[in-house]
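Please keep the sequence and the model open while reading.

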Amino acid sequence: MKRIYIALFVFGTIFFTSCQTKTTTEETVVTQEEEQEENTGKEVELNSAQKKAAGIVLGQLEDKNLSDVIKVNGQTELPPQNQADVTTFLSGTITQILVNIGDRVNKGQVLAIADSPEYIKLQEDYQISKNNLEYLDLEYKRQQTLRAENVNSEKTYQKTKSELNIEKSRYQSLTNQLSLVGAGSSRTLKIVAPISGNVSAIPIRIGTNIVNGQTLFSLVDNSKIHLDLKIYEKDLPYVHEGQKVSFNLTNINKAEVTATIFSIGKAFEPGTKTVIAHANIEQVPDNLIPGLYVNALIDVGEKTVKALPNEAVIKADGREFIFIAEEGEAHEEHFHYKRVEVKTGVKELGFTQVDIIEAVPDQYSIVTQGAYYLQSHLIKNEGGGGHSH
């Protein structure tokens, strides 16, 4: 009999505990649902003075043709053909430097002057070769005439012809060498710019002894800067030549700059799943230099979407919201605004694509100006809770 009572007591305890746990779970679920409902269905009430101070303006979703864009990162690059290291194949000693770093120079402009015994020797060799060539040319014509009259031997004629051809080659070689250093009547060696651009480096000074192949100046032509943009694998099907690109420089507070894609790489960059797209900048700003990082938008086409002004959308608790006012809800001095969660898309020209993801009344207006005031008022009424941007 005692065993029956014990069994009944244990069974009753388990049953009571189970019921209590079930009740607690149900209450927890209800509480979470209520909190979720409260979080997304928060309302703000304003009086006339507050409404005026907030600058509340009501409107509706608008149909807008917004460009669909792909966000990419990249940097400014300068093609190799627009960079130059100024060198000379002759040795010497720098006596004058005629430019400073940053100066704009033109192709052929003299950058520095050097004393060069090798250059003087080159000029002398050139003059000697020129004189020899004139003599041998006359001698060849004379031997040619004598050979036609069978006065001289074939051997003498061929020797003169050979000497003339050798001297012609030597003279041409010396002429080419002098043209490389911009030869003139001066006995000093002039270092000239091979391209037009700006001086970016001067690793020499007065008295520097220069040797064959040494870099004396570095020049860059920044007017030909373009963009190298990193395109991820998932975006490749939507990117092609001729598309427009807009970008801002991350470290220069300047207006938006535009470019056009002219080439797309055919292989992934080493160690990444990105392909480089090259874009010509339409109007290169004066302060644009190689190596600047950029955030860019590639325009991949337009589409008609439902949109609101950017200021109509606020962020809170990691989500995005708008405020609506149900038509006919204003009662004399009191105005009610309900916060509704939305999902945003394309942003362009001051408008944001908006999809409302909550149930809304049949007739309502949207707060297009003053939404941030309403959000701040909401947080204030909750005692500072929440987080908005």
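Helix α3 covers residues 117–148, and at 1.5 Å a residue its 32 residues should span 46 Å; the end C-alpha atoms are 46 Å apart, so the two values agree. The expected span is 1.5 Å times one less than the number of residues in the helix. Helices (H or I, at least four residues) and strands (E, at least two) are DSSP runs, numbered from the N terminus. This is a predicted model, in which local features need pLDDT of at least 70 and side-chain atom pairs count only at pLDDT 80 or more, while totals for chains, interfaces and linings use all residues. Residues are numbered from 1 along each chain as its sequence is written, and side-chain values use heavy atoms, with hydrogens and water left out.

Buried means under 20% relative accessible area, exposed over 50%, and partly exposed in between, with a 1.4 Å probe and protein chains only. After α3 comes Asn150, whose phi is positive, near 60°.

Two strands pair if DSSP finds at least two bridges between them. β7 (residues 110–115) is joined to β8 by four bridges, and the two run antiparallel; within this pair, Val110 stands opposite Val192.

Another open sheet of four strands has the order β4-β11-β9-β6, again with antiparallel pairing. Its edge strands are β4 (83–86) and β6 (104–105), each of which pairs on one side only. β6 pairs with β9 (residues 197–201) in the antiparallel sense over two bridges, and Val105 stands opposite Gly197 in β9.

Which residues have the most contacts inside the largest nonpolar core? They are Val105, Leu111, Leu189, Ile191, Phe217 and Leu219, in a core of 31 residues. β4, β7, α3, α4, β8 and β11 (217–220) each supply at least two residues of this core, and α3 gives the most, with six. A nonpolar core is a set of buried Ala, Val, Leu, Ile, Met, Phe, Trp, Tyr and Cys residues joined through side-chain atoms within 4.5 Å. Leu189 touches Thr88, Leu90, Ala112, Ile113, Ala114, Ser116, Tyr119 and Val181, not counting residues up to four places away in sequence. Contact means heavy atoms within 4.5 Å. Apart from this core lies another, of 24 residues, among them Val72, Val239, Ala259 and Ile264.

Strand β3 (residues 62–77) pairs with β16 (residues 293–309) in the antiparallel sense over 13 bridges. In that pair, Val69 stands opposite Asp299. β16 also pairs with β20 (residues 351–356), antiparallel, over three bridges, and there the bridge partner of Leu308 is Thr352.

The last stop is Val44, in strand β1 (residues 43–47). Is Val44 buried or exposed? Val44 has a relative accessible area of 1%, so it is buried. Not counting residues up to four places away in sequence, Val44 touches Phe323, Phe335, His336, Tyr337, Leu374, His377 and Leu378. Val44 and Leu378 are 334 residues apart along the chain, and their C-alpha atoms are separated by 6.1 Å.
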